[in-house]
Amino acid sequence: MLSVAHKPVLLKEVLSALSIQPGGRYVDCTLGGGGHAMAIIQASAPGGQLLGIDADPEAIRAAAINLSRYTDSVLLVNDNFVNIDTICHHYDFYPVHGILLDLGLSSMQLFDDPRGFSFQYEAALDMRFNPKQEVTAADIVNNYSEIDLAQLIRKYGEEPHSFRIARRIVQSRPVNTTTQLAAIVADAVGGRKGRIHPATRTFQALRIAVNEELEHLEETLDKAVDLLGIGGRLVVISYHSLEDRIVKQFLAKESRDCICPPSIPVCQCKHVASFRLINKKVIVPSEEELDENPRSRSARMRIAERIGSGSTPVKVSNAKFSFNELRRGYSLN
Ligand SMILES: C[S@@+](CC[C@H](N)C(=O)[O-])C[C@H]1O[C@@H](n2cnc3c(N)ncnc32)[C@H](O)[C@@H]1O
């Protein structure tokens, strides 16, 4: 059972970014312990509705307890946010006023749950958000070829010593626990040199690969376009440069009317902007927040507002939203 509290990051900023209104509909794609979700529900009263998604059944359990006072306005769904379109259509929960993605891991997953996300705690190398997923970190570490492993660690960890690390892993197989892997990586790169532990990037790479995080993020951003009503807000908090780059490039593209290469004098693409950027510069935690919650230090928030010019169809739901109907969909599988 999870018990470590997760402090929601950039909480005030998220509420303002979502431009919360009473009676609004919001999707929290990364529910975690429900910290952001609770604040959204409180700020959107009376009548606000929140659909909370998390791939991790333990997170759903924790959030269900924390949000138990708000069962009339909250629906929790244990699923991957890449299925946001199917979920919202299933519950007739669209168009929405806001979509929040607070990516990565919660403190609960890092510190309290023996799923191998952290090299600081002895655990099996699992790293799946949902235990129903097939591939674990141990599967990758023990079965990939040396070259594939090196490329994965380079691509998803931006690790300059990826080839040395991959070779040492292959030589040390079988590798089954977090502390064993951390020691192998530290040994391969010659111990702790910089600010971060030498295994940080390798662990990040494995977690991203196990959960297909970057592919799911890209797909979900695309799907958000059709789910947001005009004026709806998309808010994304990322925690490393690979995620932030995807969000930045997506928003740069989707906030432009033409995306033809500069060499083409007359637009051929007919691309139409679907977002207006709210912050040109990324939003980061204040000094005060960093003091209170050092884990927020790598957070980067981007905000965009759905606009309706052009030909992109915006779906409008005519169905009357029913809380009871939604509550039947409550899922803890
Ligand atoms: C940083 S935590 C969110 C914390 C939350 N905002 C709060 O205030 O408690 C990220 C959460 O997103 C979940 N998550 C990450 N990727 C996911 C995905 N593709 N689909 C669904 N949930 C995901 C994780 O399981 C984790 O619980």
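Let me begin at helix α3, where the cover over its buried residues includes α2, β2, β3 and α5 (107-111). What we are looking at is a predicted model, in which local features need pLDDT of at least 70 and side-chain atom pairs count only at pLDDT 80 or more, while totals for chains, interfaces and linings use all residues. Residues are numbered from 1 along each chain as its sequence is written.

Helix α3 spans residues 57-66, and its buried residues are E58, A59, I60, A62 and A63. Buried here says that 20 or more other C-beta atoms, placed from the backbone, lie within 10 Å of the residue's own, whereas exposed stands for 12 or fewer and partly exposed for anything in between. An α-helix has 3.6 residues a turn, so residues three or four places apart point the same way.

Stepping back to the whole chain, there are 14 helices and seven strands, where helices (H or I, at least four residues) and strands (E, at least two) are DSSP runs numbered from the N terminus. Of the 333 residues in the chain, 44% are buried. Among contacts with a separation of 6 or more, 70% join residues 24 or more positions apart, a contact being two residues whose C-beta atoms, placed from the backbone, lie within 7 Å.

Now to the sheet, which is open and has its seven strands in the order β3-β2-β1-β4-β5-β7-β6, with mixed pairing; two strands pair if DSSP finds at least two bridges between them. At the edges are β3 (74-78) and β6 (275-277), each of which pairs on one side only. Neighbouring strands are turned against each other by 20 degrees on average, direction ignored, with axes fitted as lines to C-alpha atoms (for helices over the stretch in contact) and angles running from 0 to 180 degrees between N-to-C directions.

How is β4 placed between its partners? Three bridges join it, in parallel, to β1 (residues 25-28), and Y26 stands opposite G98 in β4. On β5 (residues 228-238), six bridges tie β4 (residues 96-102) in, again running parallel, with G98 facing R233 and L100 having V235 as its bridge partner. Seven of the seven residues of β4 are buried.

Moving along, β5 and β7 run antiparallel and share six bridges, one of the pairs being S238 with R300. In β7 (residues 300-306), six of the seven residues are buried. Strand β6 joins β7 through three bridges, also antiparallel, and L277 stands opposite A304.

Which residues touch the most other members of the largest nonpolar core? Of its 57 residues, they are L18, V27, A37, I53, I99 and V235, a core being a set of buried Ala, Val, Leu, Ile, Met, Phe, Trp, Tyr and Cys residues joined through C-beta atoms within 7 Å. The largest share of this core, five residues, comes from β5. Leaving aside neighbours within four places in sequence, V235 is in contact with V14, A17, L18, G98, L100, M301 and I303. Another core lies apart from it, with 29 residues, including I140, A150, I165 and A182.

Finally, the ligand, around which there are 22 residues, with P8, T30, G32, G35 and A55 coming nearest; a residue is near when its C-beta atom, placed from the backbone, lies within 6 Å of the molecule or strand. Both α2 (35-43) and β2 (49-54) supply at least two residues of the shell.
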